[in-house]
Amino acid sequence: MRYAQGGGLTDAGRAARERVRLQAVERFGGGQRNGEIAAALRVSERSVERWRRQWRERAEAGVLSKGSPGRQKLSEAQIARLARELERGPLAHGWADQRWTLARIKTLIGRLFHVSYTVEGTWLLLKRHGWSWQQPARRAVERDDAAVEVWKKETWPRVRAPRRRVRAGSSSKTKPGSR
């Protein structure tokens with residue numbers, strides 16, 4: 001099931017779903033059919049079939065919730081340690097320069113905590129804890145601001161693609177040349 005706001009269930013919502021599954025388990029023991037259970041608990045028959053199969057294979061433990069699929073993988077203590085390690089810089093962790101990239105942070109998390117994140121998941125973790133992308137504190141020594149301005153005024157207008165001219169369109173679905 002998808003949720004409109006992009007999130008999952010709250011802890012209270014998960015607990016309510018857990019209660020429904022446990023009510024189904026009681027009814028399994030009473031010998032009720034899947035259709036009766038589904039109608040009584042207002043769930044799909046397919047869900048009841050799945051719960052019954054899990055109940056047969058692993059008893060009540062089979063239908064218990066396994067927790068949120070999107071639960072946080074790092075504890076607060078681990079996040080604090082990650083912050084300290086990031087402060088030490090990439091050189092301290094074996095990289096040749098002082099740039100923290102998402103791929104490097106992902107690798108660092110794997111090395112330190114044996115937890116696997118995707119690059120996108122790493123970005124979300126950083127963003128969730130108030131970290132942001134790095135911006136250089138100063139400009140490159142080699143930068144020549146006068147040359148940059150000359151390039152913007154003289155070279156860029158010549159290499160920039162010209163805008164397409166606006167012309168009257170056609171509502172015909174055939175090619176304009178076939179009229």
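Biologist: What percentage of the 179 residues of the protein chain count as buried?

Modeller: In this predicted model, 22% of the 179 residues count as buried.

Biologist: How many helices and how many strands does the protein chain have?

Modeller: The chain has seven helices and zero strands. Read from the N terminus, the order of elements is α-α-α-α-α-α-α.

Biologist: And of the contacts between residues at least 6 apart in sequence, what percentage join residues at least 24 apart?

Modeller: That share is 39%.

Biologist: Changing topic, how many aromatic pairs are counted?

Modeller: The count is three aromatic pairs. One of them is formed by F28 and W55, a tilted pair with 5.2 Å from centre to centre and 40° between the planes. This pair links distant parts of the chain, since F28 belongs to helix α1 (residues 11-29) and W55 to helix α3 (residues 45-58), 27 residues apart.

Biologist: Is F28 buried or exposed?

Modeller: F28 counts as buried because its relative accessibility is 4%, which is under the 20% limit.

Biologist: What sort of pair do W95 and W100 form?

Modeller: W95 and W100 form an edge-to-face pair, with 5.7 Å centre to centre and 70° between the planes. Both W95 and W100 are buried.

Biologist: Now the other helix contact. At what angle do α4 and α5 cross?

Modeller: Helix α4 (residues 76-88) and helix α5 (residues 102-113) have axes that cross at roughly 125° and come within 11 Å. The two helices are therefore oblique to each other. In handedness, α4 passes α5 in a right-handed crossing.

Biologist: Which residues meet there?

Modeller: On the α4 side they are Q78, R81, L82, E85 and L86, and on the α5 side I105, L108, I109, L112 and F113. The residues of this contact divide into seven nonpolar, one polar and two charged.

Biologist: Where is T122 placed?

Modeller: T122 is in helix α6, which spans residues 119-128. T122 has a relative accessible area of 0%, so it is buried.

Biologist: And which residues does T122 touch, not counting those up to four places away in sequence?

Modeller: T122 touches L102, I105, K106, I109 and Y117. Two of these residues, I105 and I109, also belong to the α5 side of the contact with α4.

Biologist: What is K73 in contact with, leaving aside its neighbours within four places in sequence?

Modeller: K73 is in contact with Q78, V115, S116 and Y117. The C-alpha atoms of K73 and Y117 are separated by 8.7 Å, although the two residues are 44 residues apart along the chain. Y117 is also one of the residues that T122 touches.

Conventions. Residues are numbered from 1 along each chain as its sequence is written. This is a predicted model: local features need pLDDT of at least 70, side-chain atom pairs count only at pLDDT 80 or more; totals for chains, interfaces and linings use all residues. Side-chain values use heavy atoms; hydrogens and water are left out. Axes are lines fitted to C-alpha atoms, for helices over the stretch in contact, and angles run from 0 to 180 degrees between N-to-C directions. Helices (H or I, at least four residues) and strands (E, at least two) are DSSP runs, numbered from the N terminus. Angles under 35 degrees count as roughly parallel, over 145 as roughly antiparallel, 65 to 115 as roughly perpendicular and the rest as oblique. A crossing is left-handed if the near helix is turned anticlockwise from the far one by less than a right angle, and right-handed if clockwise. Contact means heavy atoms within 4.5 Å. Ala, Val, Leu, Ile, Met, Phe, Trp, Tyr, Cys and Pro count as nonpolar, Asp, Glu, Lys and Arg as charged, and the others, Gly among them, as polar. Buried means under 20% relative accessible area, exposed over 50%, partly exposed in between (1.4 Å probe, protein chains only). Rings of Phe, Tyr and Trp (its six-membered ring) pair if their centres lie within 6.5 Å; planes under 30 degrees apart count as stacked, over 60 as edge-to-face and the rest as tilted.
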